[in-house]
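Work through the exercises below with the structure in view. Try each task before you read its solution.

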Amino acid sequence: MKKIIIATDFSPAADNAVEYGTDMALAVNADILLLHVYQPPVVIRNVPLIVDVESIKKSAEKKITQLKDRLRIKVNNKIKINTEERMGTFFHELKTVCERINPYAVVMGSQGTTASDRLFFGSQTIQAMKNLEWPLITVPPSVTFSSIKKIGLACDLDKEIDDALIYEIKTLVNDFNAELHIINAGKKMQFKPGIVFKSIKLEKQLSPVKPKYHFITADNTDEGIIDYAEMYDIDLLITLPKSRSLLELLIQKRVSKKLILRSHIPVISLHQ
């Protein structure tokens, strides 16, 4: 049985991601694990600090139980919903849970509505998308799940994609019975040695799902891909953080944070 982890801190942005992840789980018949990670108290040397950790834990348990009860009505017993609360740093605890259950995907909010929320979600999202080995879907605020009819794959055609990742992409397309659109962007059209061979190889690898290819030029490639994806109603955009892709730009260049922090399209990162 597939399992989807939905991470939440009970904020409005996280609540929206919970709704999105639940509807997605229903679409692919996957069970849900609601995960909440609360931070341990910060202890400052020589400063007495009284923190009731048990109170924090009980508050988290109460909130996640209320969320579970609400979602059980929504799913009408069609899938299972489990919960887990953990104390620690977000990424470490998320990775630990992923190692245990090997999820189909992890779903979390990509940003908040306030400046502090955007800072928190931005840093958490970038760290998770850069390092998490399991598929991670980040959901922008107010985006709802209806169906996934078009999946975009942002990639450089001069970079090979390994067979395991090709399998993940085809599985994702088949699970949602979606179209696959491969989007290649650059500042200018330029021939590169080997690109023809590698693109032909990619075409053969993905031939069972009959992808459509799109070549675009833009001064800022990641923004160009987002604009193109929005224009052609892409429902889910695949990025490959370990390749020379727009998520690599996201991690390395400050301007590219616009991809996750301002995109209106859910993004899924897959690691080679």
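This is a predicted model: local features need pLDDT of at least 70, side-chain atom pairs count only at pLDDT 80 or more; totals for chains, interfaces and linings use all residues.

Residues are numbered from 1 along each chain as its sequence is written, and side-chain values use heavy atoms, with hydrogens and water left out.

**Exercise 1. The whole chain**

Task: State how many helices and strands the protein chain has, and what share of its residues is buried.

Solution. Begin with secondary structure: helices (H or I, at least four residues) and strands (E, at least two) are DSSP runs, numbered from the N terminus. The protein chain has nine helices and ten strands. Next, take burial: buried means under 20% relative accessible area, exposed over 50%, and partly exposed in between (1.4 Å probe, protein chains only). Of the 272 residues in the protein chain, 50% are buried.

**Exercise 2. Two packed helices**

Task: Describe how helix H1 and helix H2 pack.

Solution. Two packed helices are described by the angle between their axes and the distance between the axes. Axes are lines fitted to C-alpha atoms, for helices over the stretch in contact, and angles run from 0 to 180 degrees between N-to-C directions. H1 covers residues 12–28 and H2 covers residues 53–75. Their angle is about 40°, and their axes are 11 Å apart. Now classify the angle: under 35 degrees is roughly parallel, over 145 roughly antiparallel, 65 to 115 roughly perpendicular, and the rest oblique. H1 and H2 are therefore oblique to each other. Last, find the contact (heavy atoms within 4.5 Å). H1 brings Val18, Glu19, Thr22, Asp23 and Leu26, while H2 brings Leu67, Arg70, Leu71, Lys74 and Val75.

**Exercise 3. Positive phi**

Task: Where does asparagine 177 lie, and where does aspartate 233 lie?

Solution. Most residues other than glycine have a negative phi. Asparagine 177 has a positive phi of about 50°. Asparagine 177 lies in the loop between helix H5 (163–175) and strand S7 (179–186). At 71% relative accessibility, asparagine 177 is exposed. Aspartate 233 has a positive phi of about 55°. Aspartate 233 lies in the loop between H7 and strand S9 (236–239). At 53% relative accessibility, aspartate 233 is exposed.
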